[in-house]
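Here is a walk through the charged pairs of one protein model. Look at the sequence and the structure first.

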Amino acid sequence: MWTKTKSLILSRILATAFTVLLVMITFFVPFFAVWYDGASEGYGLISGSIVIPTCIILYICDALAFAAVVALHILLRNISVDRIFDAQNTKCLRIISWACIFAGFAFVVLGLWRMMCFIPAFFAIMFGLIMRVLKNVFEQAVEIKYENDFTV
């Protein structure tokens, strides 16, 4: 039977696996950039090789992903010790949302060279906006919890 504890364990395993994947991707960014330059069509406002801009954007997105995954690990740790409605969790959701939004804008810049990059930019920004809404709802829940804790 699937339980809350098993779901939390699975989430922590997947977050750890994603962290390992991020570390591996960091070392292979130049190879991905060269491959993408050769495999993609040059439809964009700027023409020419895209290897250097792709490397820069991917390293920026990698750093943003590391910030988001660290915040995710903190959030999962807090949930595992039953600290659900906590201000630190709101901060973690804020970090994740801004990381997604900034990654989306980084892909918008890459879209100047390859228009296909607007697709992941759209999804990253949209996910960031959804996380902002969840953060706002969570922030309200934290305030209500604190008010209830002080009410006798």
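**Salt bridges in the model**

K135 and E139 both sit in helix 4 (residues 118–150), four residues apart, about one turn of the helix. Helices here are DSSP runs of H or I with at least four residues, numbered from the N terminus. This is a predicted model, in which local features need pLDDT of at least 70, side-chain atom pairs count only at pLDDT 80 or more, and totals for chains, interfaces and linings use all residues. Residues are numbered from 1 along each chain as its sequence is written, and side-chain values use heavy atoms, with hydrogens and water left out.

The side chains of K135 and E139 form a salt bridge, at 3.5 Å from N to O. The term means a side-chain nitrogen of Lys or Arg within 4 Å of a carboxyl oxygen of Asp or Glu. K135 is buried, at 4% relative accessible area. E139 is partly exposed, at 27%. Buried means under 20% relative accessible area, exposed over 50%, and partly exposed in between (1.4 Å probe, protein chains only).

Helix 4 also holds D149 and K145, four residues apart, about one turn of the helix. Their side chains meet in a salt bridge at 2.8 Å, N to O. K145 is partly exposed, with 31% relative accessible area. Salt bridges with shared partners link R94, K135 and E139 into one network.

Now turn to D86 and R83. Their side chains make a salt bridge at 3.2 Å, N to O. D86 counts as buried, at 17% relative accessibility, whereas R83 is partly exposed, at 35%.

How many salt bridges does the rule give? The count is five.

Technical notes:
Helix = DSSP H or I, 4+ residues; strand = E, 2+ residues; numbered from the N terminus.
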